[in-house]
Amino acid sequence: MANQNILIIGGGPAGIEAAKGIAALGYKAILVEKRDRLGGTPDEAQYAALTPDFRDTDEALGEMMAPVLDNENVNILYNTLITGAEGSIGNFNVKALSLGKEIEIKAGAVIISTGFQHFDPGRETQKYGYYEHDDVITLTDAEKMLKAHNFVRPSNGEKPKRVCFIQCVGSRDRQIGNEYCSKVCCGIASKQSIEIRRLLPDCKVFIFYIDMRMYGYWENEIYWVAQEQHKVNYVKGMATEIVKKGDKLLVKGEDTTLRRPMEVPMDLVILSVGMEPSEGTKQMASVFGLKQNKYHFIETTGGVLDTVSTSVPGVFAAGAATGPADLEDSVSSAGLAAMKAIAAVRQSQKIPA
Amino acid sequence: MALDLSYNKYSDVSYDEKERLFEECKADDRWSHVLYGCYECGICVAACPSARFYDFSPRIIAQAAAREDVDLVYTLMNDSVWDCSQCFSCDRCPRQNSPGQIITVMREVAVRNGLQTAKKALEGYGRIIYKIMSTGSQVSPDMLQPNAFPDWGGHVGEISDNLEVWRKALPPETLHTTETGWVVDDKTIIELYLIWHMTGVMDMIESIDEGLHMILVDVMEEKLEEAGYDVTFD
């Protein structure tokens, strides 16, 4: 007899949404999370507010996870790492280390929602001096300060007067190997620029970009708002290097549309780091024997019309485990994965165990 | 000559002064209706007839203004704005900017503040300004002098010799004029004088050409006094 339980690996937005869907349809979800709480990267990295609606992250995530926290159909295993798997659709036997103890989980289908990690700007080159200059930070560092409503220069604790974002750090770069667009950084930089301008009205904010990728409603809800109402300066042209000049950082690049070289002093530089597969995503691909793409995200097999099926029947992937994804993408694919996982266990009931 | 966008052009003018002029542009009621944000996409340049003949870019006008680049706006206010033919072909902007109308505002600020470049750009228009503001018509038959438009050919001289006869040959009686393009009623001219007085046009003329202003004031004050108006241009 096939097992009807569905194992979800990773308790971020995608995993929570999948568990909610499975439980609501009357099936049992086992939600495995390596940390001692749900919420995933938005929680762990302390995002201040969501893009594009500026909703408070804690409040939004809290509301989202409430239905799974006290739900007889959802069994959450915190502090648990998956270590091995065997079996196939209808009968997966998964080994895990839960609170230091080895356990075995039986499931008919698996959803992997292990997400992404932020690109480490010091990984390949030091050209932007992330580890060299205190006042060169990343989107995630900025998000933490914005969450605390204390947006300052790390070097001296003073409020910055000039801040710039450098887009596409670790994305769209053949030399680094991440050739893809990380999809969310244009929106997040624009969102943060609005937050900075609200917090520090005298601070000038610049965004140096290759293309602004503000699809759908992000266009008029954040890009236009940042540029028109908050006078954020969008300059098409990438910074090539950052050098320290006295107390300031000198950002060198080209103002391409004005066809002139650019050397502008900044108090704070924010690197818009993109997404890479998380360690968990790479490990789960290996544990379950899933095909990965050249960037090591889990490869989905159905092209654009099936965004969650993997190379192993009965194993689905949702959210940023399959590639750069925003929250809308993540919860949408999680809902689809929940539906397909349930369909898979129902189907496999017809197959003798 | 290529448009010079270098940072140090007009470095002799203080940043505060440039900012004051930019703030004057922004304070104009039209500003927020003609400038939103700029994609820097160039659709305005593609539509612009001036851009085909001069090193002129309505995009750079809009992007400098949208970026609030005070130095660059000042540079453009002294150069580029006078290359625009004010045809508003640039109004097809997807963000609904109107570079042409941004220029209108920038020109007015340049004139009101008596920028040397505005005076120079408008120098050649003194005769036309005098004509339109004193008579209410822009071009008049008596401007056809043999030496005025040499490229029109020698027959211009023949026409100017017998101007009144030529004009009488035109059927509409309202065109039997030589000093104005058509018969301008006194009532019309009085109304025009009052409009120019009340809307600040006379002040703008004064700030770019005091001599022209003096001559116009003489003409206007006399006519207005005759018509029973007690108006002084000071």
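Predicted model: local features only at pLDDT ≥ 70, side-chain atom pairs only at ≥ 80, totals over all residues.

Q: OK, chain A. How many helices and strands are there?

A: Chain A has eight helices and 18 strands. Its radius of gyration is 22 Å, close to the 20 Å from the globule rule for 353 residues, so chain A is as compact as a globular protein of that length.

Q: What box do the C-alpha atoms of chain A fill?

A: Along the principal axes, the box is roughly 70 × 40 × 40 Å. Of the 353 residues in chain A, 47% count as buried. Take the contacts between residues at least 6 apart in sequence: 66% of those in chain A join residues at least 24 apart.

Q: And chain B, how many helices and strands?

A: Chain B has 14 helices and zero strands. The C-alpha atoms of chain B fill a box of roughly 55 × 45 × 35 Å along the principal axes. Of its 234 residues, 28% count as buried. For contacts in chain B with a separation of 6 or more, residues 24 or more positions apart account for 66%.

Q: How many residues of chain B are in contact with chain A?

A: Nine residues of chain B are in contact with nine residues of chain A. The chain B side of that contact has four nonpolar, two polar and three charged residues.

Q: What span should α5(A) have at 1.5 Å a residue?

A: The 15 residues, 185-199, should span 21 Å, and the end C-alpha atoms are 20 Å apart, which agrees.

Q: Let's look at Tyr209(A). Buried or exposed?

A: Tyr209(A) is buried, with 21 other C-beta atoms within 10 Å. The cut-off for buried is 20 or more. Tyr209(A) is found in strand β11 of chain A.

Q: Which residues does Tyr209(A) touch, not counting those up to four places away in sequence?

A: Tyr209(A) touches Gln167(A), Tyr234(A) and Lys236(A). As for Ser311(A), 102 residues from Tyr209(A) along the chain, the two C-alpha atoms are separated by 36 Å.

Q: Now helix packing in chain B. At what angle do the axes of α1(B) and α6(B) cross?

A: The axes of α1(B), residues 15-26, and α6(B), residues 70-78, cross at roughly 70° and come within 9 Å. That makes α1(B) roughly perpendicular to α6(B). The contact has seven nonpolar, no polar and three charged residues.

Q: Which residues meet there?

A: From α1(B), Tyr15(B), Lys18(B), Glu19(B), Leu21(B) and Phe22(B) meet Val70(B), Asp71(B), Val73(B), Tyr74(B) and Met77(B) of α6(B).

Q: How about α13(B) and α14(B), what angle there?

A: The axes of α13(B), residues 201-208, and α14(B), residues 210-226, cross at roughly 140° and come within 6 Å. That makes α13(B) oblique to α14(B).

Q: And which residues meet in that pair?

A: Met202(B), Ile205(B) and Glu206(B) in α13(B) meet Glu210(B), Leu212(B), His213(B) and Leu216(B) in α14(B). By class, the contact has four nonpolar, one polar and two charged residues.

How values were computed: Residues numbered from 1 in each chain as written. Chains lettered and ligands numbered in written order. Helix = DSSP H or I, 4+ residues; strand = E, 2+ residues; numbered from the N terminus. Rg over C-alpha atoms; globule rule 2.2 N^0.38 Å. Buried ≥ 20, exposed ≤ 12 C-beta atoms within 10 Å, placed from the backbone. Contact = placed C-beta atoms within 7 Å. Axes fitted to C-alpha atoms, helices over the stretch in contact; angles between N-to-C directions. Parallel < 35°, antiparallel > 145°, perpendicular 65-115°, else oblique. Nonpolar A, V, L, I, M, F, W, Y, C, P; charged D, E, K, R; others polar. Expected span 1.5 Å × (residues − 1).
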